[in-house]
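Dear colleague,

Please find below the structure that I am handing over to you. My notes on what was found in it follow directly after.

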Amino acid sequence: MRIATIIVRLLLGALFLFASITYFFDLIKPPAPTGAMATIMGGFVAMKYLLPLAKSIELLAGISLVSGKFLKVSLIVLLPVSVNIFMILACVNPKELGIGAFVLLANLFLIYTQWNSYKYLFTA
């Protein structure tokens with residue numbers, strides 16, 4: 001279980017690092033979205049702050065996941081980002097749902113492995 005946790009943590013961290021670094025440094029030109037995804041992305045771009053904020057959170061969380069420092073906080077901060085990635089892909093672009101499912105399930109798996117640190121949040 002320990003090796004699986006390390007592998008999932010490093011893969012998820014690398015994914016978030018890659019996504020945020022390519023956004024900030026404009027390394028890869030993504031294909032233009034079409035249909036409903038174009039509408040959603042147009043809204044995100046029009047808000048001016050949302051994409052840089054999300055990518056900054058992804059960058060910091062990716063660094064945390066790869067380094068293993070501040071892991072428990074990073075997993076909770078990444079949970080809404082992971083849910084949004086999954087839900088947008090599930091509702092708008094189901095053919096790319098695999099990556100969204102990986103992100104959400106990896107985040108939930110890592111939270112599960114750290115559950116002893118979180119369970120006091122759910123006690124009355």
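**A buried charged pair**

K55 is buried, and E58 is buried as well; buried means under 20% relative accessible area, exposed means over 50%, and partly exposed lies in between (1.4 Å probe, protein chains only). Please note that this is a predicted model, in which local features need pLDDT of at least 70 and side-chain atom pairs count only at pLDDT 80 or more, while totals for chains, interfaces and linings use all residues. Residues are numbered from 1 along each chain as its sequence is written, and side-chain values use heavy atoms, with hydrogens and water left out.

Side chains of opposite charge can pair when their charged atoms come close. K55 and E58 form a salt bridge, with the closest N and O atoms 3.3 Å apart; the term requires a side-chain nitrogen of Lys or Arg within 4 Å of a carboxyl oxygen of Asp or Glu. The structure holds 1 salt bridge. K55 and E58 are separated by about one helical turn, because they are 3 residues apart in helix α3. Helices (H or I, at least four residues) and strands (E, at least two) are DSSP runs, numbered from the N terminus.

**The nonpolar core**

In soluble globular proteins, nonpolar side chains tend to be buried together. A nonpolar core is a set of buried Ala, Val, Leu, Ile, Met, Phe, Trp, Tyr and Cys residues joined through side-chain atoms within 4.5 Å. The largest nonpolar core has 14 residues, of which L12, F16, L65, L75, L78 and L110 touch the most other members. At least two residues of this core come from each of α1 (2-25), α3 (50-67), α4 (71-92) and α5 (97-113).

Which residues does L65 touch, not counting those up to four places away in sequence? They are R9, L10, L12, G13, F16, L71, L75, L78 and L110, where contact means heavy atoms within 4.5 Å.

V81 is placed in helix α4 and is buried, at 15% relative accessibility. Leaving out residues up to four places away in sequence, V81 touches F16, I57 and E58. S74 is also found in helix α4 and is buried, with 9% relative accessibility. Beyond its neighbours within four places in sequence, S74 is in contact with A61 and S64.

In helix α3 lies I63, which is partly exposed at 44% relative accessibility. The C-alpha atoms of I63 and G13 are separated by 6.6 Å, although the two residues are 50 residues apart along the chain.

**The largest pocket**

The largest pocket holds about 1700 Å³ of space. On a 1 Å grid over the protein atoms alone, a pocket is an open set of points with protein on both sides within 12 Å along at least five of seven lines, whereas a cavity is a set of points where a 1.4 Å probe fits but cannot get out; lining residues have an atom within 4 Å of a point. Grid points are joined across faces, edges and corners, and the volume is the space filled by probe spheres set on the points.

This pocket is lined by 40 residues, and A19, M37, M41, L51 and K55 lie nearest its centre. Each of α1, α2 (36-46), α3, α4 and α5 supplies at least two residues of the lining, and α4 gives the most, with 8 residues.

**Aromatic pairs**

Rings of Phe, Tyr and Trp (its six-membered ring) pair if their centres lie within 6.5 Å; planes under 30 degrees apart count as stacked, over 60 as edge-to-face and the rest as tilted. The count comes to 2 aromatic pairs. Y23 and F24 form an edge-to-face pair, 5.3 Å centre to centre with 70 degrees between the planes. The rings of W115 and F122 have centres 5.4 Å apart and planes at 15 degrees, so this pair is stacked. W115 is partly exposed at 36% relative accessibility, whereas F122 is exposed, with a relative accessible area of 60%.

**Two positive phi values**

Most residues other than glycine have a negative phi, and most peptide bonds are trans. D26, in the loop between α1 and α2, has a positive phi near 50 degrees. K48, in the loop between α2 and α3, has a positive phi near 65 degrees.

With kind regards
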